[in-house]
Amino acid sequence: LLLGIIASVLGGLGIALLLEKLDNVYHSTDELKAGSKLPMLGALPHTRALESGNERSGIGSLFTSLSNIRIGGKDNGYTGNSESSFLEALRVLHTNIRMLSSDHAIRSIIVSSALPGDGKSTVCANLAQVATAMGQRVLIVDVDLRKPQVHERLSVSNELGLSNLITDDLPLKSAIQQFTPSGQLFVLTAGQIPPDPTKLLASQKKQQLMWTCERVFDLEIYD
């Protein structure tokens with residue numbers, strides 16, 4: 001009985017060490033920073049209120065909720081702790097992005113993820129809201145040419161978009177849509193879905209389009 005107890009304890013410890021060695025999941029931000037060797041720009045808290053609002057009315061409803069909070073000042077009658085912490089995390093993220101380079105300002109950002117539904121569009125939309133509140137002219141570009149969603153989330157037209165600008169000789173202003181009345185936030189949807197999105201995005205014309213947008217806007221956010 002004594003030998004059985006000792007063997008079971010040692011066996012349990014061995015299995016636990018083996019499972020920990022085989023575990024390839026990051027369980028904390030410290031593990032992520034140590035494993036990736038990259039700077040952590042920010043950590044956005046998960047809020048059920050924003051998630052439910054996104055499911056009901058799209059990301060456009062998030063602009064309404066965030067506009068109730070005065071950027072750079074005290075909360076303006078908005079008492080939700082989760083929403084305030086989410087906004088504060090976005091401000092920290094925006095500040096850290098601007099401080100990444102001291103010689104040249106960051107003019108374009110690509111927001112990507114491993115799986116659909118991870119929150120790319122939510123981060124893009126709300127980061128754009130924070131940037132426009134800081135006085136920047138921002139352009140959101142939908143570069144998901146397989147399953148575009150920005151036009152659905154923001155309730156804008158997708159008749160002309162990025163794919164049309166690359167394949168056709170169209171002026172930039174024909175596809176860019178102004179999203180806010182203040183003229184600080186603009187949207188470029190994906191446009192018609194091409195047969196080979198990768199080849200289209202890797203084209204020289206796409207690079208020239210990016211350089212043109214960088215001269216017009218202070219910040220480009222690619223979803």
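Student: What makes Leu1, Leu2, Leu3, Ile5, Ile6, Val9, Leu10 and Leu13 a nonpolar surface patch?

Tutor: Patch residues have over 30% relative accessible area and no salt bridge, with nonpolar side chains joined within 5 Å. A salt bridge puts a side-chain nitrogen of Lys or Arg within 4 Å of a carboxyl oxygen of Asp or Glu. Here the patch makes about 910 Å², using Shrake-Rupley areas with a 1.4 Å probe. Keep in mind that this is a predicted model, where local features need pLDDT of at least 70 and side-chain atom pairs count only at pLDDT 80 or more, while totals for chains, interfaces and linings use all residues. Residues are numbered from 1 along each chain, and side-chain values use heavy atoms, leaving out hydrogens and water.

Student: Why is leucine 3 called exposed?

Tutor: Exposed means over 50% relative accessible area, buried under 20%, and partly exposed in between. Leucine 3 has 70%, so it counts as exposed.

Student: And why does cysteine 124 count as buried?

Tutor: Its relative accessibility is 1%, so cysteine 124 counts as buried. Cysteine 213 is at 2%, so that one is buried too.

Student: How many disulfides are there?

Tutor: A disulfide needs a pair of cysteine sulfur atoms within 2.5 Å, and the count comes to 0.

Student: What makes a nonpolar core?

Tutor: You need buried Ala, Val, Leu, Ile, Met, Phe, Trp, Tyr and Cys residues joined through side-chain atoms within 4.5 Å. The largest such core has 19 residues, and Leu139 and Leu188 are among those with the most contacts inside it. A second, separate core of 18 residues includes Leu127 and Val150.

Key:
Buried < 20%, exposed > 50% of the residue type's maximum accessible area, 1.4 Å probe, protein only. Patch = residues over 30% accessible without salt bridge, like charges linked within 9 Å, V, L, I, M, F, W, Y side chains within 5 Å.
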